[in-house]
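Please open the structure in a viewer and keep the selection panel at hand.

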Amino acid sequence: MVYAPRYPIETDRLRLRPFTRGDVDAVFAYRQRADVARYLSDGPMTRESVAEALQMRVGQEALRVEGDKIFLAVETKERSGVIGELSLILRDEAGRQGEIGYILDPGYHGQGYATEAGAKLLEMGFDGAGLHRIYARCAAANHASWRVMERLGMRREAHFREHAFVKGAWDEEFVYAVLEDEWRTAERR
Ligand SMILES: CC(C)(COP(=O)(O)OP(=O)(O)OC[C@H]1O[C@@H](n2cnc3c(N)ncnc32)[C@H](O)[C@@H]1OP(=O)(O)O)[C@@H](O)C(=O)NCCC(=O)NCCS
């Protein structure tokens, strides 16, 4: 498979583009926060760890082989400046299975941006990359995240009880997913 979209990708209110090394400060601004890291597997990030992560992300903008990841910076159309990040990962090439993820700066929560960006990720995965199924995972306590998944038309497929020991406690995980034909039927409605 080769899925190498042209950037930027636009939604009604957002512009999605690959990361650059110049994005470190904007990403650090929200990734250093304990509230952002609360339900992520890693804790708050240092500026150095953000710089290292972005170094790896530069160039991760196409899906070619299993395991490839597209990492995108989210900007509003109103002004440039990163307000969050998205991922679309090719988890299984033969089975055409993908995974999406999203993290937004808290200054931009509650405005439907994650839902708008997530809808574009599903479109990229199904229309662009030809995926058959797309899933997303989150901590069961992460209401904001699984509400976005439900708004995107994803179904709760699994509730893994105490499946991992994360940050000193047993973790509960939800898995949500949508099949291509379910997504297309919902799009036509
Ligand atoms: C998960 C996360 C991205 C969700 O962000 P969010 O702001 O809650 O989600 P949205 O931007 O889609 O906003 C949804 C809320 O805005 C409201 N909203 C306002 N305008 C809207 C619109 N045009 N469209 C959809 N929702 C809208 C919705 O009603 C919804 O509120 P509700 O959940 O009380 O019903 C955010 O909480 C986050 O970044 N958390 C930290 C990192 C994280 O945990 N990431 C997920 C890891 S699995």
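The model is predicted.

**The ligand and its shell**

The ligand is surrounded by 21 residues, and the closest are Leu104, Gly110, Thr115, Asn142 and Arg147. By class, the shell residues comprise 10 nonpolar, 7 polar and 4 charged.

Next, colour the shell by secondary structure. At least two shell residues come from each of strand 5 (97-104), helix 4 (113-128), strand 6 (133-139) and helix 5 (143-151). Which element gives the most to the shell around the ligand? Helix 5 does, with 5 residues.

**Backbone contacts to the ligand**

Now display the backbone atoms of Leu104, Gly112 and Ala114. At Leu104, a polar backbone atom is 2.8 Å from an oxygen atom of the ligand. For Gly112, the distance from a backbone N or O atom to a ligand oxygen is 3.2 Å. For Ala114, the corresponding distance, again from a backbone N or O atom to an oxygen atom of the ligand, is 2.9 Å. On its own the ligand has 930 Å² of accessible area, of which the protein covers 71%.

**The largest nonpolar core**

In soluble globular proteins, nonpolar side chains tend to be buried together. The largest nonpolar core here has 38 residues, and those touching the most other members are Leu86, Leu88, Ile100, Leu122, Met124, Met149 and Met154. Elements supplying two or more residues to this core include strand 3 (69-76), strand 4 (82-92), strand 5 and strand 8 (169-179). Helix 4 provides the largest share of this core, 7 residues.

Leaving aside residues up to four places away in sequence, Met149 touches Tyr102, Ala136, Arg137, Cys138, Met154 and Tyr176. Another core lies apart from the largest one; it has 12 residues, among them Phe19, Val24, Val27 and Phe71.

**A loop residue**

Finally, select Thr11, which lies in the loop between strand 1 (9-10) and strand 2. Is Thr11 buried or exposed? Thr11 counts as buried because its relative accessibility is 10%, and the cut-off for buried is under 20%.

Terms used:
Residues are numbered from 1 along each chain as its sequence is written. This is a predicted model: local features need pLDDT of at least 70, side-chain atom pairs count only at pLDDT 80 or more; totals for chains, interfaces and linings use all residues. Side-chain values use heavy atoms; hydrogens and water are left out. A residue is near a molecule or strand if one of its heavy atoms lies within 4 Å of it. A polar contact is a pair of N or O atoms within 3.5 Å; within protein, one must be able to donate a hydrogen and the other to accept it, and residues adjacent in sequence count only if both atoms are side-chain atoms. Accessible areas come from the Shrake-Rupley method with a 1.4 Å probe; for residues, only the protein chains shown count as cover. Helices (H or I, at least four residues) and strands (E, at least two) are DSSP runs, numbered from the N terminus. Ala, Val, Leu, Ile, Met, Phe, Trp, Tyr, Cys and Pro count as nonpolar, Asp, Glu, Lys and Arg as charged, and the others, Gly among them, as polar. A nonpolar core is a set of buried Ala, Val, Leu, Ile, Met, Phe, Trp, Tyr and Cys residues joined through side-chain atoms within 4.5 Å. Buried means under 20% relative accessible area, exposed over 50%, partly exposed in between (1.4 Å probe, protein chains only). Contact means heavy atoms within 4.5 Å.
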